[in-house]
Amino acid sequence: MALVDIQVPDIGDFDEVTVIELLVKPGDTVKAEQSLITVESDKASMEIPSSHAGVVKELKVKLDDKVKRGSLVLTLEVAGAEAIPVPAPAPAAAAQQAPAAAAQALPASQSTPASAATAPAAAASGPIEVRVPNIGDFKDVAVIEVLVKVGDSIKAEQSLVTVESDKASMEIPSSAAGVLKELKVKLGDIVNIGDLLAILEGSAAPVAATAAAPAASAPAVATAAMPAHESTALPQTALPHASPSVRKFARELGVPLAEVKGRGPKGRITLDDIQAFTQAVMTGSTRTQAQAAKAPAPSVGGGGAGLDLLPWPKVDFTRFGPVERQDLPRIKKISAANLHRNWVMIPHVCNHDDADITDLEAFRVQMNKENEKAAIKITMLAFLIKASVAALKKFPQFNASLDGDQLVLKQYYHVAFAADTPNGLVVPVIKDADKKGIVQISQEMGELAKKARDGKLSPADMSGACFTISSLGGIGGRYFTPIINAPEVAILGVCKSQMEPVWDGKTFQPRLMLPLSLSWDHRVIDGAAAARFNAYLGQILADFRRVLL
């Protein structure tokens, strides 16, 4: 083993920056390129990565320390092969680690043709294109905030959008002045150097294209992933103060940073603050700012009703035997955060029932037999989608979403179905299922299922659903409690059908029974309506001619 000093690399044209967050502690095992500390200037926050893998022996910095290129961050204990000194990253490498800082350090003489093209050569009266300038050696950064809207008067160098990589966040300025006529990007879009951001109408001489101005702390887009009634608008003067890693963690959990109170230096939001907020939401001991504003003031001396949960157990599993660690696939990380939010925030109730599909299954088998050469196989799930549409039409409160104090009743019928893939569960959507026949629905399901398995589903393939069906029919089970996919208000779970003796008034008859599990949002739907929905769905599946009525 050997000791290696980890220093601050070249992070751009900065004299000194402040240490605002310590991401490791003595004894931690770190990987090469793992972030060690977060630093911040007056315009940018960025994470400093490790040049080696090893165990943290000693931290050489503390919160609020001032550091610059070459400053000692910590000492690592590394294996002999890892102890070979590694030169400080070249400016290009540093730009990749912290594109915001590298962008500022880039001399104008090094600007690329792409960036030069962002500024027209002379004053113009008419449409002016504003493109992403050269902001360092990076690609595919996400738009996490849109700072302007169509119709706004834009000044030269005014920030238009905030983008974020995994290491840094930065604001993209306008290369010209004028009135914003068209915005070409939206939240969540991925952009690169030279991409078109906006079109201005102006007569002022445009300025030369410059590097993007890094943002001190761009607000997280977790609110964009939440239903509209769960997010709260935040004034531009009170942006959440958090590092890129904290914002990323908040997005994965679906936590709106605007609602989190930062307890770090200067009100900075830390990982502990995110975890505490999530815990408080789960116990019902916290409210959003909008809820708090509407609520009456508490009486003097009133106590809180929140529960103090025990911390999550820290266990050294290797004490009990050999283990293997695996990173969760990206799909499961995203779905876990959404499922967690939905389960905590929606008051679920689940009704169970059985549907007699004896005649329907016989008809399905007959249709497939008559069309053995056809590439499309009719599935029971296609019938379930069509039957669900009929039930949604009869009970419109199931085809709705909550938006604040209003119920949005939808006039379209997009039905989603859960698809199991090697990387996790995804939910593609059959659009306008009310206008399609069983064969067409079966065909679209097959195409979407293949795209899901190949990892080629687009966001459009998985958006706009009114109602979801989760089918375990090909696997087994009897009943389960599916989690509602917000902002929907209900979801149907289906298990494997089986033959059962059913009393017909004179004798027992063998009938093929399909278990149905309907989860519903008790804020919108009551028990009687749910029971009627399930019963009606069962009637349709027992006699599919009812769909025509």
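# Briefing on a predicted protein model

Strand S16 (residues 196-202) is largely enclosed by the rest of the structure, because five of its seven residues are buried. Here, buried means under 20% relative accessible area, exposed means over 50%, and partly exposed lies in between (1.4 Å probe, protein chains only). Strands (E, at least two residues) and helices (H or I, at least four residues) are DSSP runs, numbered from the N terminus. This is a predicted model, in which local features need pLDDT of at least 70 and side-chain atom pairs count only at pLDDT 80 or more, whereas totals for chains, interfaces and linings use all residues. Residues are numbered from 1 along each chain as its sequence is written, and side-chain values use heavy atoms, with hydrogens and water left out.

**Overall composition**

- The protein contains 12 helices and 28 strands.
- Of its 549 residues, 44% are buried.
- The protein exposes about 28600 Å², of which carbon and sulfur atoms supply 55%; accessible areas come from the Shrake-Rupley method with a 1.4 Å probe, and for residues only the protein chains shown count as cover.
- Among contacts (heavy atoms within 4.5 Å) between residues at least 6 apart in sequence, 66% join residues at least 24 apart.

**Strand S16 and its partners**

- Two strands are taken to pair if DSSP finds at least two bridges between them.
- Strand S9 (residues 126-131) runs antiparallel to S16 and is joined to it by six bridges; within this pairing, Val 130 stands opposite Ala 198.
- Strand S14 (residues 178-183) also pairs with S16 in the antiparallel sense, over four bridges, and Leu 180 has Leu 200 of S16 as its bridge partner.

**The four-stranded open sheet**

- Four strands form an open sheet in the order S1-S8-S6-S3, with antiparallel pairing.
- Strands S1 (2-7) and S3 (29-30) stand at the edges with a single partner strand each, so one side of each is left without a neighbour in the sheet.
- Strands S6 (residues 54-59) and S8 (residues 72-78) are paired in the antiparallel sense by four bridges, and Val 55 has Glu 77 in S8 as its bridge partner.
- The side chain of Glu 77 also meets that of Lys 57 in a salt bridge (4.0 Å, N to O).
- This pair links distant parts of the chain, with Glu 77 in strand S8 and Lys 57 in strand S6, 20 residues apart.
- Glu 77 counts as partly exposed, because its relative accessibility is 26%.

**Other salt bridges**

- Side chains of opposite charge can pair when their charged atoms come close.
- A salt bridge is defined as a side-chain nitrogen of Lys or Arg within 4 Å of a carboxyl oxygen of Asp or Glu; by this rule the count comes to 19.
- Lys 149 and Asp 152 form a salt bridge in which the closest N and O atoms are 3.3 Å apart; Lys 149 is exposed at 54% relative accessible area, whereas Asp 152 is buried at 19%.
- Asp 543 and Arg 545 meet through their side chains in a salt bridge (2.8 Å, N to O); Asp 543 is partly exposed at 25%, and Arg 545 is exposed at 61%.
- A network of salt bridges links Asp 354, Arg 478 and Glu 500.

**Thr 18 in strand S2**

- Thr 18 belongs to strand S2 (residues 17-22) and is buried, with 12% relative accessibility.
- Its side chain makes a polar contact of 2.7 Å with the side chain of Lys 66; such a contact is a pair of N or O atoms within 3.5 Å, and within protein one must be able to donate a hydrogen and the other to accept it, while residues adjacent in sequence count only if both atoms are side-chain atoms.
- Beyond its neighbours within four places in sequence, Thr 18 is in contact with Thr 38, Val 39, Glu 40, Asp 64, Asp 65 and Lys 66.

- Thr 358, Leu 360, Glu 361, Arg 364 and Asn 368 are buried in H9.
- The buried residues of H9 pack against strand S18 (348-356), helix H10 (380-394), strand S28 (508-521) and helix H12 (527-542).
- Ile 378 lies in the loop between H9 and H10 and is buried at 8% relative accessibility.
- Not counting residues up to four places away in sequence, Ile 378 touches residues including Arg 364, Met 367 and Asn 368.
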